Amino acid sequence: MSDPGFIDMIDRVFGGAVTTLIGAFTGRLMYHSGEVKLGRRRFFGRELLWEIPVAVGMALIGEAAASYIGLTQPVSTGFVATLAYLGPRGAEAVLSAWLCRKK
């Protein structure tokens, strides 16, 4: 039996919901850190509080989309983290491009 990966380990210890939230918060923290690096935000500013509902919302949306697509762990957690990094506007742009693509 192979050793579990990091996401599998977190999933076994905390469960799927917490793993999804960790992925979403990680994605939003990566986005926030990029904004801090560009000088658009302070790291410990009010903006950081607004990332909490965005992360939770993106976790819900990302998990539903991952389930719809048929992704399993750990791929679904990576998908959630990616969508959380993109945020609502970025996810909307990706979804719109995917839905409007020519067949």
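Let's start with the largest pocket. It is lined by 15 residues, and Ala65, Phe79, Leu83, Ala91 and Leu95 lie nearest its centre. Two elements give two or more residues to that lining: α3 (47-69) and α4 (75-99). Helix α4 gives the most, with 10 residues. The volume is about 400 Å³.

Some terms here. The search runs on a 1 Å grid over the protein atoms alone; a pocket is an open set of points where a 1.4 Å probe fits, with protein on both sides within 12 Å along at least five of seven lines, and a lining residue has an atom within 4 Å of a point. Points are joined across faces, edges and corners, and the volume is the space filled by probe spheres set on them. Helices are DSSP runs of H or I with at least four residues, strands are E runs of at least two, and both are numbered from the N terminus.

Before I go on, the ground rules. This is a predicted model: local features need pLDDT of at least 70, side-chain atom pairs count only at pLDDT 80 or more, and totals for chains, interfaces and linings use all residues. Residues are numbered from 1 along each chain as its sequence is written, and side-chain values use heavy atoms, with hydrogens and water left out.

Back to the pocket. What is its lining made of, by class? There are 13 nonpolar residues, 1 polar and 1 charged. Nonpolar here covers Ala, Val, Leu, Ile, Met, Phe, Trp, Tyr, Cys and Pro; charged is Asp, Glu, Lys and Arg; the others, Gly among them, are polar.

Take Phe79, one of the residues nearest the pocket centre. Phe79 is in helix α4. It counts as partly exposed because its relative accessibility is 23%. The cut-offs: buried is under 20% relative accessible area, exposed is over 50%, partly exposed is in between, with a 1.4 Å probe and protein chains only. From Phe79 to Arg28 it is 51 residues in sequence, and 13 Å from C-alpha to C-alpha.

Now the whole chain. It has 4 helices and 0 strands. Along the sequence the pattern reads α-α-α-α. The C-alpha trace spans about 45 × 40 × 20 Å along its principal axes. Of the 103 residues in the chain, 25% are buried.

Arg28 takes us to the salt bridges. The definition is a side-chain nitrogen of Lys or Arg within 4 Å of a carboxyl oxygen of Asp or Glu. By that rule there are 3. Glu51 pairs with Arg28, with the closest N and O atoms 2.6 Å apart. That pair links distant parts of the chain: Glu51 sits in helix α3, Arg28 in helix α2, and they are 23 residues apart. Glu51 counts as buried because its relative accessibility is 6%. Arg28, at 7%, counts as buried too.

Glu51 also forms a salt bridge with Arg41, at 2.7 Å between the closest N and O atoms. Again distant parts of the chain are linked: Arg41 is in the loop between α2 and α3, Glu51 is in helix α3, and 10 residues separate them. Arg41 and Glu51 are both buried. So which residues are linked in a network of salt bridges? Arg28, Arg41 and Glu51.

There is also Arg40 with Glu35, with closest N and O atoms 3.1 Å apart. Arg40 counts as exposed because it has 56% relative accessibility. Glu35 counts as buried, at 11%.

On to the surface. Phe6, Met9, Val13, Phe14, Val18 and Ile22 form a nonpolar patch, with about 590 Å² of accessible area together. Helices α1 (6-14) and α2 (16-37) each give two or more residues to the patch. Helix α1 gives the most, with 4 residues. A patch takes residues with over 30% relative accessible area and no salt bridge; nonpolar side chains (Val, Leu, Ile, Met, Phe, Trp, Tyr) are joined within 5 Å, like charges within 9 Å. Areas come from the Shrake-Rupley method with a 1.4 Å probe, and for residues only the protein chains shown count as cover. Phe6, in helix α1, counts as exposed because its relative accessibility is 59%.

Last item, the backbone. Where is the cis peptide bond? It joins Gln73 and Pro74, with omega about 0°. Pro74 lies in the loop between α3 and α4. Gln73 is 25 residues from Leu48 along the chain, and their C-alpha atoms are 28 Å apart. Leu48 is in helix α3 and, at 27% relative accessibility, counts as partly exposed.
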